[in-house]
Amino acid sequence: MKLLKTLAVLILGLVAVLLLGGLLLSSKFTVTRTAQIQAAPDKVYALVANPRHWKQWSVWNQRDPAMQIEYSGPESGSGAVWAWKSKSEGDGRMTFTTAEPGQRLGYELFFPDFGTTSQGELRLEPSGSGTKISWVMNGDMGSNPLFRWLALFGDRMVGPDFEAGLANLKALAEQP
C-alpha cells in the first residue's frame with residue numbers, strides 16, 4: 001500500500017511539474033534557416049510563391065506522397081492558399097499573405113490539431129551570382145502548458161525540415 005501511495009505522489013508531482021513548468025515557459029518560438037542558391041532571385045521566388053511548386057521541394061510533401069492537397073485563391077503570390085490532410089504530417093493550411101516578387105514571400109500557417117497559427121516568410125537577397133534565402137517562422141503555442149513544452153523544442157523539431165526543404169529547393173533551382 002505504501003508503494004502505491006509513493007507512486008501516486010510521484011505521478012502527481014510529475015503532472016504538477018509538467019503543468020506548472022509549462023505555464024512558466026514562453027509560448028513563442030522562432031525557427032530560422034538560411035541557404036545559398038546559385039540561381040537568380042526571380043527563379044527561386046517562382047518556386048516558393050506558387051504553392052503547387054512546394055510539392056517539388058518541401059520535405060513534408062515528400063514524406064507523405066499520399067497527402068491530400070487543395071489549392072484556392074490565385075495561383076501564386078499574396079492570397080494563394082494550400083491546405084493539406086496527411087496521416088503522417090498532420091493537417092494544415094498555408095496562406096500566402098505578402099508577396100514581393102524576387103524579394104519576399106510572407107505566409108500564415110494554421111494547424112487545426114493544435115489550434116495554433118504561425119507567421120513566416122521566405123526572404124531572398126541577391127548574393128554574388130546567386131540568391132541567399134532565409135526561411136523564418138514565428139509561432140505561438142498559446143496558453144496550453146503542454147504545448148508550451150513543444151515551443152521549447154520548436155527549433156529542434158522544425159529546423160531540420162527547413163534545412164532539408166532548402167536543400168531540395170537549392171537542387172531544384174540550380175537545375176538548368
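Are W57 and W135 buried or exposed? Both residues are buried, where buried means under 20% relative accessible area, exposed over 50%, and partly exposed in between (1.4 Å probe, protein chains only). The views below come from a predicted model, in which local features need pLDDT of at least 70 and side-chain atom pairs count only at pLDDT 80 or more, while totals for chains, interfaces and linings use all residues. Residues are numbered from 1 along each chain as its sequence is written, and side-chain values use heavy atoms, with hydrogens and water left out.

Figure 1. Seven strands are arranged in the order β1-β7-β6-β5-β4-β3-β2, and their pairing is antiparallel. Two strands pair if DSSP finds at least two bridges between them; helices (H or I, at least four residues) and strands (E, at least two) are DSSP runs numbered from the N terminus. Because β1 (28-37) and β2 (68-72) stand at the edges with a single partner strand each, one side of each is left without a neighbour in the sheet. From one strand to the next, the twist averages 15°.

**Figure 2. The pairing of β5 with β6.** Strand β5 (residues 104-111) runs antiparallel to strand β6 (residues 116-127), and 8 bridges join the two.

Figure 3. Helix α2 (residues 41-49) lies across β1, β4 (92-100), β5, β6 and β7 (130-140), and runs at about 160° to β6. Helix α6 (residues 154-173) lies across β1, β5 and β7, at about 25° to β1. Axes are lines fitted to C-alpha atoms, for helices over the stretch in contact, and angles run from 0 to 180 degrees between N-to-C directions.

**Figure 4. The surroundings of G154.** G154 belongs to helix α6 and counts as buried, at 4% relative accessibility. Setting aside residues up to four places away in sequence, G154 touches F29, V31 and G159 (contact means heavy atoms within 4.5 Å). G154 and M94 are 60 residues apart in sequence and 18 Å apart in space, C-alpha to C-alpha.

**Figure 5. The largest nonpolar core.** This core has 34 residues, and those with the most contacts inside it are W54, I133 and L169. A nonpolar core is a set of buried Ala, Val, Leu, Ile, Met, Phe, Trp, Tyr and Cys residues joined through side-chain atoms within 4.5 Å. The most is given by α6, with 6 residues. Apart from neighbours within four places in sequence, the contacts of I133 include R33, V44, L122, L166 and L169.

**Figure 6. Aromatic pairs.** The structure holds 10 aromatic pairs; rings of Phe, Tyr and Trp (its six-membered ring) pair if their centres lie within 6.5 Å, and planes under 30 degrees apart count as stacked, over 60 as edge-to-face and the rest as tilted. W54 and F96 form a tilted pair, 6.1 Å centre to centre with 35° between the planes. W54 lies in helix α3 (residues 54-57) and F96 in strand β4, so this pair ties together parts that are 42 residues apart in sequence. W54 counts as buried at 0% relative accessibility, and F96 at 1%. The rings of W57 and W135 have centres 5.6 Å apart and planes at 70°, so that pair is edge-to-face.
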